[in-house]
Amino acid sequence: MNYHELISKWLDGTISSEEKTHLKTWVSANEVNLSIFKKRIREYNKETASTFDFEKGFSTFNARISAKKRNRKRLLYGLSFATLGILLVLGGLELLNSPFSTNKAEPIVSGIDTDQEPIEHITITLADGSTKILSSNGSEVLTDADGNIIADKNRGELSFQSKSQNRSMPVVYNEIYIPYGQTFKLKLSDGTSVWLNAGSRLKFPTNFNNDSLVNRTVFLEGEGFFDVTENKKKPFLVKTQGLTVKVLGTQFNVSSYQNEETIATTLVEGKVSINESNAPSNEINLTPSFQANYKKSESNFSKAKVQTELYTAWMQNKLIIDNLKFSEILVKLERIHQVKFQNNAQHLNNEVFKGEFENESIESILNTISLSTPFNYTINQNTITIKSKS
């Protein structure tokens with residue numbers, strides 16, 4: 001096995017999962033291999049490496065992160081050393097338990113300061129108008145106003161009943177809300193599984209088996225991944241911000257936040273069609289590994305082949321940054337960590353980054369990014385203020 005070639009592949013982002021495993025084992029084997037690895041990183045980007053203290057521990061970076069700045073690509077690589085050794089998970093390179101910290105921060109508390117009181121719990125509003133708070137863990141039974149069991153929650157999944165339902169009953173809808181800082185999974189009455197990302201709402205029927213339903217229609221605000229149970233007689237429709245995503249049985253992700261310019265539909269498996277609800281002829285079809293982006297201001301679609309795992313990683317508590325602007329990263333971090341940013345370093349907004357984090361603290365992520373494009377920050381409860389590096 002040529003480990004110089006493996007390191008080159010890792011630096012270029014072309015390394016396979018199997019090769020990552022080999023490289024992980026080789027780098028972890030001894031100090032000589034680690035020294036070779038560090039030397040190659042220095043050679044890859046001498047300017048960045050010369051300002052970085054490798055002996056202090058390569059920061060808390062658990063992948064690779066790059067900043068495209070003035071048409072110059074910078075790559076930073078982080079290795080952190082635990083007390084009893086080093087843990088590498090190459091995907092980029094995941095390294096944990098770093099002592100590195102350059103900014104003083106106060107503890108973050110729950111709740112985002114907005115004009116309205118934030119909703120801090122997973123809540124579901126049932127068709128009868130009653131509202132219930134759901135725990136993210138544990139087991140519980142969900143009943144309607146009459147005491148009828150309509151769903152049960154076990155191991156973090158809320159499952160709606162599919163048995164003993166009156167097919168002639170009126171169609172009634174529930175609405176679930178997932179606050180910032182949390183994700184949640186539910187199983188609809190037809191067996192379709194839905195993972196909802198932070199800051200998302202889903203409106204859906206209690207019973208899909210109703211005879212009056214021609215389609216299985218749900219309404220999404222935010223982001224959700226759908227694993228749809230096939231039913232050729234009743235297509236599954238996701239309606240969001242004037243768009244309709246139509247499927248029979250498939251796996252796909254829809255990102256449709258109100259404060260974002262585009263609505264992105266990413267197909268993992270099967271086939272979907274997307275159209276404007278008020279202009280069905282404005283339609284686009286997707287096959288696996290393709291993503292459709294709808295630009296709301298221009299009412300047009302574009303399509304491109306993508307790495308679907310970049311857009312579904314949030315279900316595994318991963319944050320994958322793929323050529324995102326600093327301003328876009330802050331929006332994602334607000335949702336994931338239930339914080340609010342005040343950016344006083346506006347010149348950073350158009351800096352573009354690439355990297356990967358898994359179960360990282362907000363401080364860890366900001367420290368890592370600041371290594372590439374220096375800035376300071378302070379944390380006051382749930383508000384984080386970004387400042388220019390003095």
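In the predicted model, K185 forms a salt bridge with E157, the closest N and O atoms being 2.8 Å apart; a salt bridge denotes a side-chain nitrogen of Lys or Arg within 4 Å of a carboxyl oxygen of Asp or Glu. The pair links distant parts of the chain, 28 residues apart, with K185 in strand β13 (residues 184-187) and E157 in strand β11 (residues 157-160). Helices (H or I, at least four residues) and strands (E, at least two) are DSSP runs numbered from the N terminus. K185 is partly exposed, at a relative accessible area of 22%, whereas E157 is buried, at 15%; buried means under 20% relative accessible area, exposed over 50%, and partly exposed in between (1.4 Å probe, protein chains only). Residues are numbered from 1 along each chain as its sequence is written. Because the model is predicted, local features need pLDDT of at least 70 and side-chain atom pairs count only at pLDDT 80 or more, while totals for chains, interfaces and linings use all residues; side-chain values use heavy atoms, with hydrogens and water left out.

The structure holds seven salt bridges. Another of these joins the side chains of R335 and E260 (2.9 Å, N to O). R335 lies in helix α6 and E260 in the loop between β19 and β20, so this pair ties together parts that are 75 residues apart in sequence. R335 is buried, with a relative accessible area of 5%, and E260 is partly exposed, with 22%. A salt bridge is also formed by the side chains of K354 and D322 (3.7 Å, N to O). Here, strand β27 contributes K354 and strand β25 contributes D322, 32 residues apart. K354 counts as partly exposed at 28% relative accessibility, as does D322 at 25%.

The largest pocket contains about 1,100 Å³ of space. On a 1 Å grid over the protein atoms alone, a pocket is an open set of points where a 1.4 Å probe fits, with protein on both sides within 12 Å along at least five of seven lines; lining residues have an atom within 4 Å of a point. Of the 40 lining residues, E223, L319, L324, K332 and R335 are the closest to the centre of this pocket. Elements that give two or more residues to the lining include β20 (262-269), α6 (326-337) and β27 (352-358), and β25 gives the most, with seven residues.

Notes:
Points joined across faces, edges and corners; volume = space filled by probe spheres on them.
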